Structures are given as structure tokens and as C-alpha cells.
Amino acid sequence: MSYLSTVNLKIGYKSSLGESINLELDPGEILQIKGPNGSGKSTLLKTLLNEVPRLHGSVDWKISLKEVSYLPQVSTNSSNINFTLEEILDVYLVPDRIKAYLRDELRERLWVNASGGEKQLALILSRITAETKVLVLDEPFNHLDKKSRKLVEDLINKMMLDNKELSLIVVSHLDMQLNCREYELC
Amino acid sequence: MLGMILFYKLSFITTTLSSASLSIIGKHFIWRNKFIELFALCQFAIIGNLVGHLIVPMIHLPIIPLLSSITFFILGKFLFDLFKVNHKERSTRMICIYLILSSLQYLMISFFPNLEPHLNSGLFGSTVTTTRIENLILIAVFIVINFALFYLNRMLTRNSLEINFFQRRKRNVKDEYLLLIPIVVSVFGLGLVYTLSFLSLGAVILGSSFKNQKKNHTVLILINIAASLGGLLLSLFFEKLSTTPTQVVLLATLCILVKFFNEKLLK
């Protein structure tokens, strides 16, 4: 049983962005949505999550939207955030088994002193609840160097290994070192 | 000495509660990058105070200036949100709004010179000149807000972090109206300089000086209370010292000293 399927889905605000979208997401799968700037990658995510109404077609979730966790694009002014990465996860009530993905040496790291990849790790973990079956990530590798991207990719690989039912939808125009299926928006 | 402290006992209580609350509230506005917006909004509160004092001779209710302050403040916040004035390029816009509203205040004084003492107290206020009723209102408001901040801490902090991390996304900012009430009451009773200083100085100077947020939080509250109480005490015993400037300078000094010694200890 797939988690999600779309049939002839058309997305956009006033007019359609591109052709009809037909995609499926199965359990344990990573789906990468690629496309040039302005092709509607983020709009597609927002449409799938009911934040933006669809123009045409259908979006069929076989699971509750409570089981879908979403990490939007990050744009932050971090200079005043004096939390440790672990304290941030505590604010979001992240379960202990998910917090365990954060290495010990990173737990006490202040947000302002953390690298881009370390911050992204914390933000990804902050989204995950006990019910999460699908994790949706919007441009998680933006502004990250190679080392930071590997940090995030390793986390994703580990999570997928530990939970065979977890699926990911990742919007990224970058090539990922992950075992994923690609869907290209025109 | 004890007699003077007992005479001003309500002021000591107000000072303790207000400085503790303001240190926590200020952090949320700094995390949300909305401090400059607060600066502009406080000008609405001062105008509301002046308008209230114009109405008092006609309606004879001493609470009118406070209610008018709150009304103008909330109206200002509502207009900012409605016209999205506080979105992009907010720093420049807020400074322009501050300049216009500040000029409006002085224009009101030129037409109604009897309002001048109220403008001065709106800017510099003083815990020692606050009346008994004003002190009791301030104490009640800050007790309630301290409880609210304690119980709603996680929700407020989460929302503040979300606003900071994902600045391009629309967020529900209705919780800011809860945080704004003690600010406008503080501006009314304790003055603009005291309020904005105790909202921000500690968070800005000691921003990332500690190992974690919990320690930062605790130290900041203690410093705020110490500066507020210390400044009040010093101004009572040394006639030449004005209360609010003494409190603010003491706060800045304590923050800088703690930062300096903390960095030395960590090295």
C-alpha cells in the first residue's frame, strides 16, 4: 500500500505551474523532487500538505496528515538563539529514541556555534514524532558544504535503516548520495 | 533606612516582578527579530497615555490613561500586522514610524503644555513616583504574566524558534498580544527607557555567554532583579541619582562584568 498518490495533479496559485503530476510514495522509499528554479517544487509540497489548494486533479494520502512531518526551507538569523541543540529538541518534545540520533558531542553544542549541517540535523529531528511515517524536507541541503551535506545524508540513511516504514519526500536541486527515486518537475 | 524601604515597599515589589518578567518577554521579541517593532509600538502607547490625560478632566476616571495606552498600543500592533509594515525592511520602516510618532508627541505638547510632565514620565517614568494604585495594577499584571510565562513557556518558545528558523513562512503571532500587555503597562507605569532596557540589555550583552539557555535564563533574571532593586535603593539614598538611569546603568554594568568574568572563567 502506498502512502501517497497523485493523479493528474496541477499545482499553482493563479495559473498552473507545468504539466500534470502523477506520483506515488511507497513505505521505506525516498522520493526526490527535482526541477529548475520556479518549477514549483515548494508549491508541490505545500499542495500535498493542503497548505495551498490544488488547481486540478487529486492528492490521495493513505495515512493521516498527523503522520506526515514537514521541515520547511530554513532562513534564520541565529545570532540570538542561545539554546543547545538538545535544548531545542526538548522544546519540540522530541522522543528520546529520536534524540539518540544526535551524537553526544553535539548535544551540548550551542545553536550559534553549530555548523549548518549540525543545525539541519537538529531541525530534521525536531520534526519527527512517534507517529511520523512520512518526512517531507524542503531544500535540506541549501547552503551546506560537502561535509555538512554528508552529515545530513548519514542521518537520513540511518533513520531509513532503523525504520523500514519511514518514507521521505525531499525537494532538492542537488544530487544526493541517497538511494532515492527522482521525480523531475518541468 | 528601613523606614524608607517600607515606605516604598510596593515599588520594590513592582521592580522585582517587572524586571524578571521583562527579561523573559524581551528574549521572545529578540528571537522573533521584532524588537525594533516594539520600539515603534511603545510610541503608540505614549501617545495613548497623552490622549488619556486629555480625556481625564472630562470623564474623571484615573484608569483612563492606562486603558488609552493599551488601546493605542494594540491598535498600532494590529495596523502593523494588517498592513504588513513589520515584514521586510522593518528596521528602516520602524525608525521612520518612531520619528513620526515622536514628533506627534511633541506636537501635542505644543498644543497642550499641561501634558509635558506626562510625556516625561512616559519616557523616563520612575518607580518612586508611581502612585499606590498604579503600583498595585503593575503588581497584579506582572504576577499574572509571570504565571502565564511559566505555564506557556514551551509553547511561546517553540513559536519564537519557528518564527526565527523559518522567517519566510507565515506564522500565527497571536501570542504576541499576550506578551505586549505587560510591556504597555510597564511603559505606562515605569517608563519607556526602563522597559526597553530591561527587555533587551541582558539578552543582547549576555546572548551566548553561557553553556545553555537554562543557565542564561536564570542568570539574566537574577541580574535584572539585582539591577532593578539596586538602582532603586541607590536612588533612594543618594538624592542626585535618578532612579531609572541608575537602574539601567547598573544593569549594563552588571551584564558586562558577568560577561567579562564568565569569559575569563571559561578560558
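Chain B of this predicted model has an average pLDDT of 87, and 97% of its residues score at least 70. For the model, the ipTM is 0.89 and the pTM is 0.88.

Chain B contains 12 helices and 0 strands. The C-alpha trace of chain B spans about 60 × 55 × 30 Å along its principal axes. Buried residues account for 43% of the 267 residues in chain B. Of the contacts in chain B between residues at least 6 apart in sequence, 78% join residues at least 24 apart.

The largest nonpolar core comprises 99 residues, of which Ile88(A), Ala45(B), Val184(B) and Leu251(B) touch the most other members. Helix H3 of chain B (residues 35–59) supplies the largest share of this core, 10 residues. Beyond its neighbours within four places in sequence, Ala45(B) is in contact with Ser69(B), Phe72(B), Phe73(B), Val184(B), Val187(B) and Phe188(B).

Helix H4 of chain B (residues 64–82) consists of 19 residues and reaches 26 Å from its first C-alpha to its last, close to the expected 27 Å. The buried residues of H4(B) include Ser69(B), Phe72(B) and Phe73(B), each of which is also in contact with Ala45(B). Lys77(B) is likewise one of the buried residues of H4(B). The cover over the buried residues of H4(B) includes H3, helix H7 (132–151) and helix H9 (175–190) of chain B. Just after H4(B), Lys84(B) adopts a positive phi of about 55 degrees.

Terms used. Residues are numbered from 1 along each chain as its sequence is written. Chains are lettered from A and ligands numbered from 1 in the order in which they are written. This is a predicted model: local features need pLDDT of at least 70, side-chain atom pairs count only at pLDDT 80 or more; totals for chains, interfaces and linings use all residues. pLDDT is the predictor's confidence in each residue, from 0 to 100. A nonpolar core is a set of buried Ala, Val, Leu, Ile, Met, Phe, Trp, Tyr and Cys residues joined through C-beta atoms within 7 Å. A residue is buried if 20 or more other C-beta atoms lie within 10 Å of its own, exposed if 12 or fewer, and partly exposed in between; C-beta atoms are placed from the backbone. Helices (H or I, at least four residues) and strands (E, at least two) are DSSP runs, numbered from the N terminus. Two residues are in contact if their C-beta atoms, placed from the backbone, lie within 7 Å. The expected span of a helix is 1.5 Å times one less than its number of residues.
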